[in-house]
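Below is a briefing on selected local features of one protein model. Please read it alongside the sequence and the coordinates.

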Amino acid sequence: MTTWPTGMPGLGWGADYNPEQWPEHVWAEDVELMRRAGVNLVSVGIFSWAKIEVSKGEYRFDWLDRVLDLLHAGGIRVDLATATAAPPPWLTSQYPEMLPVRADGVRLSHGSRQAYCPSSPIYRDRATALAAEMASHYKDHPALAAWHVGNEYGCHVSRCYCDTCAESFREWLAARYTLDQLNDAWSTAFWSQGYTDFAQILPPRVTPTFSNPGHVLDYDRFSDDALLEQYKAERDVLRMITPDVPITTNFMANWTFGNLDYWKWAREVDFVSNDHYTEAEAPDRHIELAMSADLVRGLAGGKPWLLMEHSTSAVNWQRRNIAKLPGELRRHSFQHIARGADGTLFFQWRQSRGGGERYHSAMVPHAGADTKVYREVCEVGTEYAKLRDVMGSTVDASVAVLFDFQSGWALRQDSHPTNDFDYYRHVLGYYKALWEAGVTVDFVAPGTNLSAYSMVVVPAFYTVSDAHAAVIADYVAGGGHVVVTYLSGVADEYTRVRLGGYPGAFRDVLGVWSEEFFPLRQDETVSLDEGSTVSLWTEHLHVKTADIVASYVDGPLPGVPAVTRNAFGNGVAWYVACDLDESGLRRTVENALSGAGVAVPPKMMEHSGIELVRRKGDVSWLFAVNHTDTDAQIEASGVDVLSGTQVSGRLTVRAGDVVVLREEV
């Protein structure tokens, strides 16, 4: 089975291309501008359903034929979409029952995109029919490099609460539980919720007060499965007709989204692709970008992956859509390549004149080709052409971070000790400490064999099965080092609290137990005896076998341990029972890295914003990205591939610049 877009001449470089938005005389100009920019891959047809299938069963491919022929003549490969991301008005008007329903019972209308219920048999029937027509029509087209199914599944409608979903949910539950098992898993003895028939079960719609936590979490799992089944239905049609064409769909593993369990989805695509947009006002947005890229590399199992979308400059959907500074587009592109991508594409090629995303930046802005953005696009395209040999190389890491989408789902529910906890940003805090230490990490799924890693960070692993807890305990007993954070091990996979004291599943390996959570008030802080400050979270912790690393000086728990270190078997387990400030978190992580024997590059103030990542294949490639406004020097030798300069011992990375060094070993 092919696992990368076919016929690619080098690193993928391009964008979503939406020619249906423009008169046909613009298309030839587009292809010429693409050639000048070095574009070699575009996604086509993502939102073209209404133009391809103009009424039920009436397909018009003539315009798309001409587009693909032009692209092929220009040497540009095509990631061809099934066009099913946005059902056309003729379909939703004819079958309004396929439209999604909110938890409060309001049925949404067409007028934007993703206007379909994930469980709708009508949508599935028409989507698979369109996919079959697309595959049959274009199976032999020489431009076809890959299939792009749907688009950003669950971005706007990740949960639907209609009667069709209710029936599908009951079937999903009946395949997993008996009624007795379900009542036990959901703790339905509380508030008189015991079910005597599956027919009584509804989606977790709006209720008088807090919904049942087990019910909500299982509905999250069901909804994830429903969307995945929609994807697989189209994928299987494509695979039957075009077995040699690889298939993907674009994930959103980033700060904006967490509603799908991408560990499951990654097993169902031929290659992993992702969309990423920075948080424009965040000063350290490049660090979150790095985390997203590392997470996607983990989803891809360490194999190369494709960045399907990012932005050349401003987006259109944040509160303040800040334009990117000169060089930022380039740095962001190379960050993704450094961390394992074998191509980066933008949304979109030409900036829209109208529609909901008309102010979203593109490779060709409203002002045309004589612009900062298009010039920088051309510069990066030229540089990518020099990096063909990087393709297929991989990134090695000795430290892992466990990432659990489903713990994130459980922790966002109401009726927790605090509603101010954000799972992704919690993980990002620990990732940032590792990034600032110069340590490249892998992200791993619950249950992953951890023996290859010197240290593993386990942040807020809340809903933990016995089997997954045993993997971590066995890793530590065998000589591994872990850093476990608060809100880990508290509940089982059904969100039932593990009795006997927190952190439940990890009490023995951590050598501690906690009798009560003490979340802090808004803006309240507490001091630790090693100089750190704590906000958001504390807990009443007791040590059994662990050593105390830091204790509270003041606040509700003076003298109580806050950070501990425990020898367990042949390994070591740290527990961080509080929400440390950045300096305290950085210090704790660096101490844990040192204890685990992880090499940390020498700390130099002028290098604090320099990102260094290696990709390895037949040779080693050092990517150096300077995110600061001052020049920096690092120890390195090799050939600067972008400039052709020989480097011997000392490499200068200019302010805001990128260097790719083919290292001498």
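This is a predicted model: local features need pLDDT of at least 70, side-chain atom pairs count only at pLDDT 80 or more; totals for chains, interfaces and linings use all residues.

Residues are numbered from 1 along each chain as its sequence is written, and side-chain values use heavy atoms, with hydrogens and water left out. Helices (H or I, at least four residues) and strands (E, at least two) are DSSP runs, numbered from the N terminus.

**Helix α3**

- Helix α3 covers residues 62–73, and its 12 residues should span 16 Å at 1.5 Å a residue; the expected span is 1.5 Å times one less than the number of residues.
- The end C-alpha atoms of α3 are 17 Å apart, which agrees with that expectation.
- W63, L64, V67, L68 and L71 are the buried residues of α3, where buried means under 20% relative accessible area, exposed over 50%, and partly exposed in between (1.4 Å probe, protein chains only).
- Elements covering the buried residues of α3 include β1 (12–17), α1 (25–37), β2 (41–44), α2 (49–52), β5 (77–81) and α5 (121–138).
- G75 follows α3 and has a positive phi, near 75°.

**The sheet β17-β18-β23**

- Three strands make up an open, antiparallel sheet in the order β17-β18-β23; two strands pair if DSSP finds at least two bridges between them.
- β17 (525–527) and β23 (579–580) are the edge strands, each with a single partner, so one side of each has no neighbour in the sheet.
- β17 and β18 (residues 533–535) run antiparallel and are joined by three bridges.
- V526 has V534 in β18 as its bridge partner.

**Salt bridges**

- The model has 46 salt bridges, each being a side-chain nitrogen of Lys or Arg within 4 Å of a carboxyl oxygen of Asp or Glu.
- R170 pairs with E167, with the closest N and O atoms 3.2 Å apart.
- R170 and E167 are three residues apart in helix α6 (residues 163–174), so about one helical turn separates them.
- R170 is buried at 15% relative accessible area, whereas E167 is partly exposed at 40%.
- R425 forms a salt bridge with E279, the closest N and O atoms being 3.0 Å apart.
- R425 belongs to helix α14 (residues 423–436) and E279 to the loop between β9 (273–275) and α10 (285–299), so this pair ties together parts 146 residues apart in sequence.
- Both R425, at 40% relative accessible area, and E279, at 26%, are partly exposed.
- R375 and D370 meet through their side chains in a salt bridge of 2.8 Å, N to O.
- R375 is partly exposed, with a relative accessible area of 47%, and D370 is exposed at 67%.

**Loop residue S352**

- S352 sits in the loop between β11 (341–346) and α12 (372–384).
- S352 counts as buried, because its relative accessibility is 4%.
- Apart from neighbours within four places in sequence, S352 is in contact (heavy atoms within 4.5 Å) with Q21, W22, E357, R358 and H366.
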